[in-house]
Amino acid sequence: MRACLLEKYREFLPLTPETPIITLGEADTPLVRSLRLEKELGIGELYFKLEGCNPTGSFKDRGMVVAVAKALEAGSRALICASTGNTSASAAAYGAHCGLKVFVIVPGGYIALGKLSQAITFGAEVLSIDGNFDKALGMVRALIQKHPITLVNSLNLHRIEGQKTAAFEIIDTLGDAPDYLFIPVGNAGNITAYWRGFVQYQKASKRPRMMGFQAEGAAPIVRGGVVAEPKTIATAIRIGNPASWQGALAARDESSGVIDCVSDEEILTAYKLLASEEGIFGEPASAASLAGVIKMIKGELKLSTARVVCVITGTGLKDPDTALKSAPTLAEFPAQLEAVEEVIVSKL
Ligand code: AN7
């Protein structure tokens, strides 16, 4: 059996002999080399870190396993988070696994179907509010002041500690850090975590330039101010006031990196390219990383000899609505061989 995250990276994590070792099979995700886009875009080497292969389908599981183990160690009985979806799915899964009560507050109408299905089926108390993620996070911050419930948003620093292990894995797989890391930015916990991982891991000879991408309608860090009404098709990163804002700025500045934004159109183009050219189904927010690569190349960033990693933060199965919305409706054929064969022959 492969080592779980808590065991494999124990020396880098805030664990004590009393911390229970729990796992749902998180981490150790594939780093897949691009076969086609790398050539089409003229990049030296392009890789995709498939975080959708985690047990609940997103990178959140890396941080959640640490946060929940520490909550158990502290004797906590309940977890709470605000979420655009993936954090709630992950908290609900690890909470169910460990017999904890889980409360999640989500922005009504803006949470992808797969994520909601997970939180509900794992048995979390799902509180859908008439307000966005930033409002939900404000409520959670107030609630934990008054009640004995453990916060498992990335304000919980154990989350960041767990998430930094993805940087370790990239270094272990490539034998060194890449030249560039492209990553979507929402609440900015993940870019903060990756940077910490690249800084801490001694097995690399260099550090990557950190390239974070927000959605254009939800780009507070790019604009330099809170966005009151964030808007984007990529609901995972529909966030107007990121909790780890300073962490993102530090990652950018210390790595000579960039925090920029991509439009919904650019996100959807990258989302389709990733699926049709590489066979990788990421959720829309995840495609912001590839959209960022394409935007930077158009902006004359030279990547022809660079080693580039794009983080695909969550699986496309989370959000079937977006996949089907941009697809033509399927024609219905009679159940006759000739009818079906005729179409196949015309497309061969
Ligand atoms: C697929 O689940 O904020 O910049 O509440 O689900 O660390 O916030 C999700 C964020 C990127 C952005 N990609 O990461 C939540 C939540 C996917 C995500 C992000 C999220 P951060």
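Predicted model: local features only at pLDDT ≥ 70, side-chain atom pairs only at ≥ 80, totals over all residues.

Entry 1: To describe two packed helices, I need the angle between their axes and the distance between the axes. I looked up α3, residues 60–73, and α4, residues 86–98: they pack at about 40°, and their axes are 9 Å apart. α3 is therefore oblique to α4. As for handedness, α3 passes α4 in a right-handed crossing.

**Entry 2: who touches whom.** Which residues make this contact? From α3 I listed Lys60, Asp61, Met64, Val65, Val68 and Leu72. On the α4 side I found Asn86, Thr87, Ser90, Ala91, Tyr94 and Cys98. Sorting the residues of the α3 contact with α4 by type gave me 7 nonpolar, 3 polar and 2 charged.

**Entry 3: the sheet.** Next I went to the strands, which in any sheet pair through backbone hydrogen bonds, either parallel or antiparallel. Here I have an open sheet of 4 strands, in the order β5-β4-β3-β6, and the pairing is parallel. Which strands are at the edges? They are β5 (125–129) and β6 (150–151), each pairing on one side only.

**Entry 4: a closer look at one pair.** I picked β4, residues 101–107, and found that β4 pairs with β5 in the parallel sense over 5 bridges. Phe103 stands opposite Glu125 in β5.

**Entry 5: back to α4.** I also checked where this helix goes relative to the sheet. α4 lies across β3 (78–82) and β4, and α4 runs at about 170° to β3.

Terms used: Residues numbered from 1 in each chain as written. Heavy atoms only, no water. Axes fitted to C-alpha atoms, helices over the stretch in contact; angles between N-to-C directions. Helix = DSSP H or I, 4+ residues; strand = E, 2+ residues; numbered from the N terminus. Parallel < 35°, antiparallel > 145°, perpendicular 65-115°, else oblique. Left-handed = near helix turned anticlockwise from the far one by under 90°. Contact = heavy atoms within 4.5 Å. Nonpolar A, V, L, I, M, F, W, Y, C, P; charged D, E, K, R; others polar. Pairing = 2+ DSSP bridges.
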